[in-house]
Amino acid sequence: MHTSFLRRTYALLPTLLLIATYSHGASLYRGPYLQMGTPQSMVVVWRTEGMSTPELRYGLAPETLDQVVSGSAITLRVSEDVGAENDVPRLYKEPAESAAKRNPKDHDPSTAPDTYQYEAHVKGLKPGNTYYYAVYDGDTRLAGGDAAHHFKTHPAADSAPDMRIWVLGDSGKGSKEQIMVFDAMNEFTAKSERPLDHFLHVGDMAYDDGTDWEFQKRFFEPYQSTLRNTVCWPAIGNHEGVTSRGISGYGPYFDAYVVPTAGEVGGAASGTEAYYSFDIAGVHFICLDSHDLDRKPDGAMAQWLRADLEQTSAQWLIAFWHHPPYSKGTHDSDAEHREIEMRESFMPILESAGVDLTLTGHSHIYERSMLMDGAYATPTVAEGVILDDGDGNPKGDGAYRKSAGLQPNEGSVSIVAGHGGTTNGRMGTSPVMRSISVEHGSVILDITADSLTGIMVDKYGATQDLFRIVKSGSVSPQPVKDPWQPAHDISLISRHHFNFAEDTPGGVPAYWEVATGNPTGMSVIADEGKSRHLNAVAKATPLIGVFRPNRTQKFQYESYLRFPGPSDESAGLVFGYVDPANYWQLVVDLSTSSLRISQVSEGKERLITEKEVSVVREKWIKIKMVLSNSGNAVSFDDTPTFQFDAGAELSDGHLGFIVSAENTAEFLSFKIREQVP
Amino acid sequence: MNRVLLQRRWRRVAPLLLFAVFLTLPVFAHDNPGDVIHALTHRMEEGGVTARLLTARAFEHSYAGNGDAAVEDFEAALALQPSYGTALSGLGTALLLQDKLGDAEQIARRGLNTSDSPDRRAPYHALLAQIHERALHWEEARHRWKEALAATRPEVDWFLGEAQCLAQLERYDERVAALAIAKTRNPSVVLHRAWIRALVDAHQLEQAHREIEKNLSASRWKSTWLLLRAQVHAREHAEAAQHQDAEAALAELQARWGPDPATRDRHLLRDGATALELLGRPNAAQHLRDHGTLLEEVTREVPVADSGSAPRLATVPGLRVD
């Protein structure tokens with residue numbers, strides 16, 4: 001893509017000159033940041049608001065920036081409103097049909113007006129050298145020219161690997177955790193006196209919709225101190241995919257990045273920025289688009305991957321993309337089609353070529369596997385696929401061992417690093433994982449000629465996991481019989497979704513029980529063969545069913561509720577349940593047409609707050625409550641209804657449901673999300 | 001319908017389906033299809049039916065393999081909003097998957113009539129091309145692929161589609177020329193390889209040799225190129241060289257798939273079967289395709305790859321034999 005842009009810039013010289021003539025007062029809006037480094041070249045990108053006369057100056061010291069890149073060596077792209085020549089590449093503008101459907105309250109995802117993006121292609125550099133740089137508007141320096149603005153070219157292609165890589169995923173939420181993760185990584189690298197060489201992002205860098213504004217506020221601004229010195233190699237996530245399209249290379253994601261399409265950094269030409277490969281000193285990196293391209297084994301991406309892997313003779317092979325082939329975090333790789341297809345279609349190709357490490361995100365958790373091979377089945381099982389069930393820690397069970405070079409099917413480690421800044425969670429336990437953490441953090445990879453060390457650094461700077469792969473000589477790893485597997489501890493699971501599927505035996509879902517009232521009051525009933533619901537029948541006393549393991553004060557809890565009977569009933573959700581005389585409840589009361597929160601203490605009910613609502617019998621009602629550090633809120637059919645203060649009186653307790661005496665209610669599903677800080 | 005045939009068809013139409021999905025906001029991309037269908041159904045029950053929600057649910061039905069439900073939802077969406085491009089494109093693809101060629105063609109033509117630019121018309125041309133291919137109307141299919149290729153950024157599969165039609169029409173030189181043009185529009189190695197294969201089919205063997213040799217020397221895993229060179233040798237009636245390359249390819253493939261070929265990348269097995277055919281062992285090739293294992297006589301006859309590329313195999317006691 002950028003090759004053609006470069007060619008085009010020659011034709012655009014008159015436009016550039018025109019811009020230069022009228023240039024005045026442009027302000028730096030984004031960057032400068034680095035892209036597509038090679039041993040001999042670097043791309044420096046920046047944006048201004050308003051026209052400028054773009055120029056990059058660089059040299060071997062901050063005070064001697066004696067080399068200049070300008071004119072046709074700088075690719076220009078502009079926002080749609082800018083009145084340049086028609087064939088100047090344009091930055092993202094929301095399609096009219098999407099704009100027409102957008103809620104006026106939502107942010108306009110288009111590139112800000114009067115935006116100019118410059119991509120300066122610096123060539124003829126020496127491998128492994130550090131250069132300092134500054135970006136200019138004519139003679140006015142916009143940024144750089146100091147010790148903080150520098151880049152290092154890749155080492156010569158035949159050098160032995162010696163690098164530190166930062167791996168980050170699902171970071172772009174704009175949360176304080178995002179910043180803490182970044183600060184912790186900086187602190188870790190400073191303490192270990194080894195700065196980053198490279199940065200891999202496994203997607204979801206700009207929540208919620210990957211808009212240009214979100215890229216700016218949730219990616220470029222927070223990480224600018226790293227991006228000005230370190231190339232970020234990206235993989236598209238589903239949130240970027242809301243506004244960007246892999247098939248056409250269109251949208252804010254593709255505007256922001258300059259990545260190889262024609263084998264510019266080694267590897268086979270992909271012809272697209274959606275998936276690509278590159279080499280850095282003995283390490284071959286593969287980036288795939290798991291979000292919106294054909295993931296079938298005969299698709300163009302798979303064909304490209306096979307061709308690429310046939311060519312590489314690197315010592316290490318690392319692949320990264322967004323949707324994890326193995327995860328039970330906030331996503332289930334056994335149930336979601338993108339994850340399943342990446343596992344079934346792409347893992348066999350990668351493992352046949354000797355992949356060492358796969359890095360993904362999407363699932364908001366840290367999960368790191370044992371050394372494994374051939375885990376393509378659905379659901380994922382550990383039997384027959386684990387080659388080393390140790391922890392991989394040199395100070396623990398010992399490093400994982402593989403033969404030198406890339407040998408087929410000697411095992412790989414899979415990391416889910418979706419814990420970079422948004423709300424974490426865990427819905428289960430993947431049997432192939434050796435380390436699982438719902439703490440926020442990121443991953444540092446240190447790679448040398450014969451070892452790869454992975455370190456999970458949490459948001460407080462602590463090392464939560466460390467493993468190593470050592471490659472030397474010749475080894476013959478074989479599947480471990482009866483491998484170690486992580487215990488499925490229900491108390492560690494933070495996300496539960498009960499929708500009463502066919503495998504709910506006996507009507508009572510696992511881990512649920514009748515706490516008080518009719519002991520046979522819970523049963524599962526099919527709705528016209530399409531869905532099932534829980535039927536809850538109370539007799540002389542209220543029926544309270546509780547979810548046994550969960551005891552927490554901070555959570556999201558929602559359910560669909562329906563009243564089938566003719567009487568004035570009440571039913572709803574229970575929380576902070578201690579015993580039949582002490583609990584809290586959020587109930588819909590048909591007798592008063594209200595939604596209310598109350599506390600039952602020693603058998604006496606105390607109203608906290610109440611609001612009138614419109615309830616239609618035999619129609620599903622959605623009620624949802626969020627108890628968090630920032631406040632407690634309740635919604636009714638997705639409409640925010642009231643907030644309430646539970647004070648200090650809400651203690652730990654179970655979650656559940658309640659149906660008033662002599663009444664019946666139906667629950668379509670329950671969703672529980674414990675708030676993982 | 002035959003499962004294998006269905007899978008093949010799905011592979012061909014998947015990109016089209018994806019293209020259709022891209023036209024809308026994938027706001028429901030976060031959960032598995034069952035959950036999303038459930039949520040969308042509820043949302044429509046409570047908030048009313050819209051073309052957008054129906055279309056979103058139709059795509060989820062497609063993902064879940066429920067073609068009838070997908071078609072039903074797409075049609076309902078179009079009843080509400082007759083020119084909704086996402087629904088039109090999705091419906092056409094769903095109908096094609098169901099082998100309802102007449103209905104799919106009607107939808108594709110309707111899409112063409114409601115699209116106002118080459119880029120928007122391209123996916124409908126691609127859909128028509130596949131309909132014609134299904135009917136073995138290769139000339140018409142080729143024409144439609146060419147129309148689709150007028151888009152600003154044609155998909156790699158569209159270039160390959162045109163080349164496939166030209167091969168079926170036995171216009172091998174034109175196929176080489178078409179892929180040569182494709183290479184200038186997109187540097188993808190996939191197109192480059194297709195072009196080299198086309199050179200072989202067009203008996204442009206000298207150039208094919210040059211390209212194969214270049215790739216052989218640049219590749220670590222060489223079986224793809226050894227097999228292609230064996231095919232060139234076959235066309236040159238150089239049987240000894242043909243067998244030599246095929247045996248070398250098979251040895252490398254055995255080294256890569258290890259003791260249990262059936263669990264490995266299925267394309268390695270496909271290549272293994274090609275090697276066996278080039279060695280004049282069609283029964284063994286068929287056995288490998290059918291069972292993912294090698295016949296004993298092949299295991300004995302074919303040497304294992306050099307230990308430098310596969311040290312483990314030296315210690316593995318033979319390949320699995322049925």
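1. Chain A is assigned three domains: domain 1 (1-153), domain 2 (156-493) and domain 3 (495-674). The bounds come from an automatic or database domain assignment. This is a predicted model, where local features need pLDDT of at least 70, side-chain atom pairs count only at pLDDT 80 or more, and totals for chains, interfaces and linings use all residues. Residues are numbered from 1 along each chain as its sequence is written, and chains are lettered from A in the order in which they are written.

2. The centres of domain 1 and domain 2 of chain A, taken over C-alpha atoms, are 29 Å apart. In contact (C-beta atoms, placed from the backbone, within 7 Å) are 31 residues of domain 1 of chain A and 27 residues of domain 2 of chain A. On the domain 1 side, S1(A) provides the largest share, six residues. Helices (H or I, at least four residues) and strands (E, at least two) are DSSP runs, numbered from the N terminus. By class, that side has 15 nonpolar, 13 polar and three charged residues. Ala, Val, Leu, Ile, Met, Phe, Trp, Tyr, Cys and Pro count as nonpolar, Asp, Glu, Lys and Arg as charged, and the others, Gly among them, as polar.

3. The contact between the chains takes 47 residues from chain A and 43 residues from chain B. H8(A) gives the most to the chain A side, with seven residues. That side has 15 nonpolar, 22 polar and 10 charged residues.

4. Helix H6 (residues 101-113) of chain B has 13 residues. Buried in H6(B) are Ala104(B), Ile107(B), Ala108(B) and Gly111(B). They cover an arc of only 100° around the axis, which puts them on the same side of H6(B). The arc is that of the directions from the helix axis to the C-beta atoms. Buried means 20 or more other C-beta atoms within 10 Å of a residue's own, exposed 12 or fewer, partly exposed in between. The face turned away from the buried side carries exposed Gly102(B) and Asn113(B). The buried residues pack against helix H5 (85-97) and helix H7 (118-134) of chain B.

Conventions
Expected span 1.5 Å × (residues − 1). Contact = placed C-beta atoms within 7 Å.
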